[in-house]
Amino acid sequence: MEAIKLVLPTKEHETQVMDYKREFEMNGDSMDGTAGLQNAPNFDEWLKALEDNSREETVRPGLVPASTFLAIREIDNRLVGMVDIRHRLNDHLFRIGGHIGDSVRKSERRKGYAKEMLRLALEYCRSLNIQKVLVTCNKNNIASAKTIIANGGELENEIPNGEKIVQRYWITL
């Protein structure tokens with residue numbers, strides 16, 4: 001795995017972010033950890049939503065403050081993944097969403113990026129003084145479960161969510 005860094009999105013990332021979105025759409029993949037990118041009408045609206053949702057004073061109704069980062073590979077500045085870090089939990093996030101959501105583009109999977117992204121996200125959680133981090137995944141997503149466990153996740157329980165089973169892991173920082 002090449003080294004990656006987490007960076008806040010800016011207008012300069014527009015082409016890469018929209019390409020990332022297209023890759024997910026072409027593959028029919030779920031865009032977890034992208035702070036609603038799949039439903040954003042355009043990049044500028046998405047970026048405005050990220051800004052609004054980054055602070056308690058401006059967070060949009062029904063959401064919690066969050067920081068959304070791009071995982072950029074340092075050697076070539078390629079966007080390999082995204083991670084959304086929620087600063088606190090509401091009832092829905094406590095039940096099935098957790099503090100951290102993430103995704104890695106299909107062309108960059110199985111290279112260790114998800115594990116490193118979660119490690120870096122946990123460092124950011126420390127800076128927010130979050131002492132116990134909830135990370136969830138669908139039971140059938142073995143790769144995500146392995147990533148969470150590799151970063152110290154301990155399975156608390158499994159709960160039904162429609163047709164799926166959600167596994168809830170806690171990581172103590």
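Me: What is a salt bridge, by the rule used here?
Reply: A salt bridge is a side-chain nitrogen of Lys or Arg within 4 Å of a carboxyl oxygen of Asp or Glu. This is a predicted model. In it, Arg109 and Asp29 form such a pair, at 3.0 Å from N to O. Arg109 sits in the loop between E4 and H4, and Asp29 in the loop between H1 and H2, so the bridge ties together parts 80 residues apart in sequence.

Me: How many salt bridges does the rule give?
Reply: The count is 18. One of them joins Glu23 and Arg105, with the closest N and O atoms 2.8 Å apart. Glu23 is in helix H1 and Arg105 in the loop between E4 and H4, 82 residues apart. Both Glu23 and Arg105 are buried.

Me: Which residues are linked in a network of salt bridges?
Reply: The network holds Asp19, Glu23, Arg73, Asp76, Arg78, Arg105, Glu108 and Lys111.

Me: What about the pair Arg60 and Asp52?
Reply: Their closest N and O atoms are 2.9 Å apart. Buried means under 20% relative accessible area. Asp52 has 11%, so Asp52 counts as buried. Arg60, at 31%, is partly exposed.

Me: How do I read a positive phi?
Reply: Most residues other than glycine have a negative phi. Here, Ala35 has a positive phi of about 55 degrees. Ala35 lies in the loop between helix H1 and helix H2. Arg110 also has a positive phi, near 65 degrees. Arg110 is in the loop between strand E4 and helix H4, and is exposed at 87% relative accessibility.

Conventions
Residues numbered from 1 in each chain as written. Predicted model: local features only at pLDDT ≥ 70, side-chain atom pairs only at ≥ 80, totals over all residues. Heavy atoms only, no water. Helix = DSSP H or I, 4+ residues; strand = E, 2+ residues; numbered from the N terminus. Buried < 20%, exposed > 50% of the residue type's maximum accessible area, 1.4 Å probe, protein only.
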